[in-house]
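This report covers one structure.

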There are 2 protein chains.
Amino acid sequence: MVEAGSNRTKERILENAEILFAEKGFHGVSIREITTAAKCNMASVHYHFNNKLNLYLEVFRARWVPREKRMYDAFLASLEGEKEPVPSKIVTALARAYLIGPLSDEEHRRHRQLIIREMNTPTEAFELAANESIRPLFETLYNFLKPSLYKGPEGNLIFDIMSIFGIVLYLNYSRPIISLVTGKAYDDTFKTLLIDQMVRFSLNGLNV
Amino acid sequence: MVEAGSNRTKERILENAEILFAEKGFHGVSIREITTAAKCNMASVHYHFNNKLNLYLEVFRARWVPREKRMYDAFLASLEGEKEPVPSKIVTALARAYLIGPLSDEEHRRHRQLIIREMNTPTEAFELAANESIRPLFETLYNFLKPSLYKGPEGNLIFDIMSIFGIVLYLNYSRPIISLVTGKAYDDTFKTLLIDQMVRFSLNGLNV
DNA sequence: TTGACTTTCAAACGATCGTTTGAAACATAT
DNA sequence: ATATGTTTCAAACGATCGTTTGAAAGTCAA
């Protein structure tokens, strides 16, 4: 097996496939478009990934899941190994990791667009992302928040977490709407403000 | 102009186009698929709608916007013409109108899938929906909530409303995730529970 | 019933789709 | 240098895409 040149082509295909799939969706992108962007032959896709669908799934396996893990790790890292951090620290860590986090703006956009497509109309890729990333994050959050919030009615916490997920997801992906109603650009100072607001709202929502 | 038979075909095309566009997206559906479902000839699409893109836009003009208005009206109606309803009544009315509301489950799913695609990667259809529906709803909410919440720091309210939007949207469209993490079906009793939770969380978030 | 107009239809158009083929180019071990 | 296996390539495949065409069917006023 010759790794050097091959892997560079394989990586270029993956990179450009992700960019284009995120922007236009599975059916909105052709293999010709991907291989043109990746500066390689069309047949290379089938040599390295068998077919278009498997290339799409591989984008999630080899790119989406690891990137989600980077954000998850950033979230854990900012909790500095505390066993029972207070809710405000948990929510702040979550907001920072997933609204700013270790990703560039461009990475963030791709990441978000890919998973929102899958949440809207799930395919095999959603099961993959759910099992590898979403469920573990949810369970981590649940276990972190449970000690502080066990007093509430049974089952409330799971909804609270879902609501926080909703806010994070929404604030994160609805940039068009945010620009629409606020008339402001989605820049760094705006994101910082957004995180403050999100934390304030969520902590009030958690009623701590 | 002969209206009778023509309009029935035109309506059948619109109906099936909406179903299929919602489920598979613009590029995921072919005109052949739509006209087969609508039991008419392929050329009828071009006779009534000129081309595929305009059919897609017409789905938003003739179907999405009026349906959104039905929910908006249901929201206003449940406020019973009050000039200054309390926030709990506003949020409850909002949740009921947009999580249960006048729409069937199937209508709700289509409605939500169409707009989420547009929010994720906006086209001309998003501008249409934003100008006709989203912005007016946002402004109505803003004007209703302002009298009760004017005390807070300037600008907070707009973020609070966006957060509530986020929760409603998320709880509404993320049924796959909800089923995933709760293991429960998305039935009527579950929706009622969801509304209670959403109202509780949002009101706490608004800090009233 | 005739005539003008609207609507639907089967058939075909060129373009583009995902995929396959077989040979050329490349890398590595002996 | 040669043999062996890997990777890339141009070219073509059949299938399906959105759109167009021109005629048939349908509708209604005069």
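In which kind of crossing does H6(A) pass H7(A)? H6(A) passes H7(A) in a left-handed crossing, where the near helix is turned anticlockwise from the far one by less than a right angle (clockwise would be right-handed).

## Basis

This is a predicted model, in which local features need pLDDT of at least 70 and side-chain atom pairs count only at pLDDT 80 or more, while totals for chains, interfaces and linings use all residues. Residues are numbered from 1 along each chain as its sequence is written, with chains lettered from A and ligands numbered from 1 in the order in which they are written.

## Fold of chain A

Chain A has 10 helices and zero strands. Both are DSSP runs numbered from the N terminus: helices are H or I with at least four residues, strands E with at least two. The pattern along the sequence is α-α-α-α-α-α-α-α-α-α.

Chain A holds 208 residues, and 40% of them count as buried. Buried means 20 or more other C-beta atoms within 10 Å of a residue's own, exposed 12 or fewer, and partly exposed in between, with C-beta atoms placed from the backbone. Among contacts with a separation of 6 or more, 66% join residues 24 or more positions apart. A contact requires C-beta atoms, placed from the backbone, within 7 Å.

## H6 against H7

Helix H6 (residues 105-120) of chain A packs on helix H7 (residues 124-149) of chain A at about 115°, with the axes 9 Å apart. Axes are lines fitted to C-alpha atoms over the stretch in contact, and angles run from 0 to 180 degrees between N-to-C directions. H6(A) is therefore roughly perpendicular to H7(A), a class that spans 65 to 115 degrees.

H6(A) contributes A:Ile115, A:Glu118 and A:Met119 to the contact, and H7(A) contributes A:Ala125, A:Phe126 and A:Ala129. By class, that is five nonpolar, no polar and one charged residues. Nonpolar covers Ala, Val, Leu, Ile, Met, Phe, Trp, Tyr, Cys and Pro; charged covers Asp, Glu, Lys and Arg; the others, Gly among them, are polar.

## A:Trp64

A:Trp64 sits in helix H4 (residues 52-78) of chain A. A:Trp64 is buried, because 24 other C-beta atoms lie within 10 Å. Leaving out residues up to four places away in sequence, A:Trp64 touches A:Val59, A:His111, A:Leu114 and A:Ala129.

## Asn50 in chains A and B

Most residues other than glycine have a negative phi. A:Asn50 has a positive phi near 70°. A:Asn50 lies in the loop between helix H3 (43-49) and H4 of chain A. A:Asn50 is exposed, with 11 C-beta neighbours inside 10 Å.

For B:Asn50, phi is positive at about 75°. B:Asn50 is in the loop between helix H3 (43-49) and helix H4 (52-78) of chain B. B:Asn50 counts as exposed, with 11 other C-beta atoms within 10 Å.

Definitions and conventions: Two residues are in contact if their C-beta atoms, placed from the backbone, lie within 7 Å. Angles under 35 degrees count as roughly parallel, over 145 as roughly antiparallel, 65 to 115 as roughly perpendicular and the rest as oblique.
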